[in-house]
Amino acid sequence: MEFPKSLQALIAEFKKLPGVGEKSARRYAFYLLGAGERKMKEMQEAIGAVATRMRRCEMCGGLSEGALCNICSDEKRDHKTVCVVENFKDVYRIEETGQFTGVYHVLGGLVSPLDGIGPESLRIGELVKRIKAGSLEEVVLATGSSVQGDATCLYIAKVLKPLNVRITRLAAGLPVGGEIESTNANTLGRAVAGRVLFDAPEEK
Ligand SMILES: [Zn+2]
């Protein structure tokens, strides 16, 4: 027996979510049906609000509903220290550790030649602009310890070298190949607190 078309379509949408299979998708769809029209409307409105209001912060590239995100517009944050991360999810991971009081810069990816992602497709130019604008003193590279994370660190360190800014990297202790997203908050917090100077090797 087949489900009515609209219900089939809803189940199909749920199945696109990470970690949701047929069984869970049906459960969610039936839950909504059972919960009634008001619940469905609330869900619809929440998704609609995210779709229309969510944008990228003009300064850091993180999630925001206005021109500047809550972090960039917070005067109590340390605006001289910027933490460079792969994506907006990493901002929240590092915030959870409670060990970082500076601001962020979201790259939008990592350098990965095999996937055709070169540095020019990341927000590195914007980072250079922020440094040249004059108020940044320390750049914390927090791109994880994967091959791509390492390559991205090296590239950025090289680009920033002439700019007279302190470059640090998260302390050892991150699992090898580890992404910020999957590192537990304690480990990540220790790595943030114990960051170490990072210098690009001299060009031969
Ligand atoms: Zn921001």
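Mentor: The second largest pocket has a volume of about 190 Å³. A pocket here is an open set of points, on a 1 Å grid over the protein atoms alone, where a 1.4 Å probe fits, with protein on both sides within 12 Å along at least five of seven lines; lining residues have an atom within 4 Å of a point. Points are joined across faces, edges and corners, and the volume is the space filled by probe spheres set on them. The model is predicted: local features need pLDDT of at least 70 and side-chain atom pairs count only at pLDDT 80 or more, while totals for chains, interfaces and linings use all residues. Residues are numbered from 1 along each chain as its sequence is written, and side-chain values use heavy atoms, with hydrogens and water left out.

Thirteen residues line the second largest pocket, and Leu63, Cys69, Asn70, Ile71 and Tyr92 are the closest to its centre. Strand S2 (63-64) and helix H4 (88-97) each supply at least two lining residues, and H4 has the largest share, with three. Helices (H or I, at least four residues) and strands (E, at least two) are DSSP runs numbered from the N terminus.

The largest pocket, in turn, has a volume of about 220 Å³. Its lining consists of Leu10, Glu13, Phe14, Leu32, Met40, Met43, Gln44 and Ile47. Helix H1 (5-15) and helix H3 (37-53) are the elements that give two or more residues to this lining, and H3 gives the most, with four.
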